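Hi there,

Here is the structure I promised to pass on to you. Please open it beside this email, and then read on for what I found in it.

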Amino acid sequence: SHLGSSNSKIKIQRSPFLPEPLLFEMGYAGYAPGNKVAEALTPLQQALRSLPLEKAQEILELLEKVTRNVVRNPGEEKFRSLKLTNPKIAASVADAPSMVDALKDMGWVQEGEMLVLPPSVRLAHDVHVVGLIDAKDWWKKEAEDEKRRQMRACKMDDEQKELIQKMELDRKEKEAEGPVLHGSVAKKLRVGPNIMRAGDVGIGKSGCC
């Protein structure tokens, strides 16, 4: 059999959403099957995860609409070409250039100011549409995480502001009290056996009996 030969001409069509290499996830390449290894992303997944957070859902909605049109109408030429000068597409590309990379990774080819999907390329619902839905879910989680990060940052800012205000209040209170003058405090003289009085040296006494 030539299946095991290094010169085999068999070409396997891989899903653009399937991480590379496959054996990496199955526990081979020196890793025990039970060990968790960081998931490898395909170029398409990387492109979809490079979108700007605030525009990600909007752009993914557009990509999903384009992809669903092709899947439902694979023979319709009007769905297999996109004008980059189209206002909506142009705005999306301006916001996220990686959108074009994502389309190219799905099989689209750029021809001047057009993106064309060759007849030999077939988009599948369970691969491409589901892949875009997964990307939307990933971005939804990212948006929620970002919201939590911002809330924590705001809380920290509020605590820092409160601490600064307290320190400033303490400083003003100390300034209002004024400096403490230790020299102005009256001290009580100790009277004891070692204290010499004026009478002891004859001061204040008359010379006669």
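An open sheet is made of 3 strands in the order 1-3-2, and the pairing is antiparallel. Two strands count as paired if DSSP finds at least two bridges between them. The strands at the edges, strand 1 (81-83) and strand 2 (109-111), each pair on one side only. On average, neighbouring strands of this sheet are turned by 25° against each other, direction ignored. For such angles, axes are lines fitted to C-alpha atoms, for helices over the stretch in contact, and the angles run from 0 to 180 degrees between N-to-C directions. Strand 2 pairs with strand 3 (residues 114-116) in the antiparallel sense over 3 bridges, and Val 109 stands opposite Val 116 in strand 3.

**Before you go further**

This is a predicted model, in which local features need pLDDT of at least 70 and side-chain atom pairs count only at pLDDT 80 or more, while totals for chains, interfaces and linings use all residues. Residues are numbered from 1 along each chain as its sequence is written, and side-chain values use heavy atoms, with hydrogens and water left out.

**The whole chain**

The chain has 6 helices and 3 strands, which run α-α-α-β-α-α-β-β-α from the N terminus on. Helices (H or I, at least four residues) and strands (E, at least two) are DSSP runs, numbered from the N terminus. Of the 209 residues, 22% count as buried. Buried means under 20% relative accessible area, exposed over 50%, and partly exposed in between (1.4 Å probe, protein chains only).

**The core**

Which residues have the most contacts inside the largest nonpolar core? They are Leu 48, Leu 60, Leu 63 and Trp 108, in a core of 27 residues. Two or more residues each come from helix 2 (43-48), helix 3 (56-72), helix 5 (98-105) and helix 6 (125-177). Helix 3 gives the largest share of this core, 7 residues. A nonpolar core is a set of buried Ala, Val, Leu, Ile, Met, Phe, Trp, Tyr and Cys residues joined through side-chain atoms within 4.5 Å.

- Is Lys 83 buried or exposed? Lys 83 is in strand 1 and is exposed, with a relative accessible area of 53%. Lys 83 and Val 116 are 33 residues apart in sequence, and their C-alpha atoms are 8.9 Å apart in space.
- Thr 67 is in helix 3 and counts as buried because its relative accessibility is 1%. Thr 67 lies 56 residues from Leu 123 in sequence and 7.3 Å from Leu 123 in space, C-alpha to C-alpha.
- Ser 98 belongs to helix 5 and counts as buried at 12% relative accessibility. Its C-alpha atom is separated by 9.5 Å from that of Leu 44, 54 residues apart along the chain.

**A pocket**

The second largest pocket has a volume of about 180 Å³. On a 1 Å grid over the protein atoms alone, a pocket is an open set of points where a 1.4 Å probe fits, with protein on both sides within 12 Å along at least five of seven lines; lining residues have an atom within 4 Å of a point. Grid points are joined across faces, edges and corners, and a volume is the space filled by probe spheres set on the points. Helix 3 gives the largest share of the lining, 4 residues.

Happy exploring!
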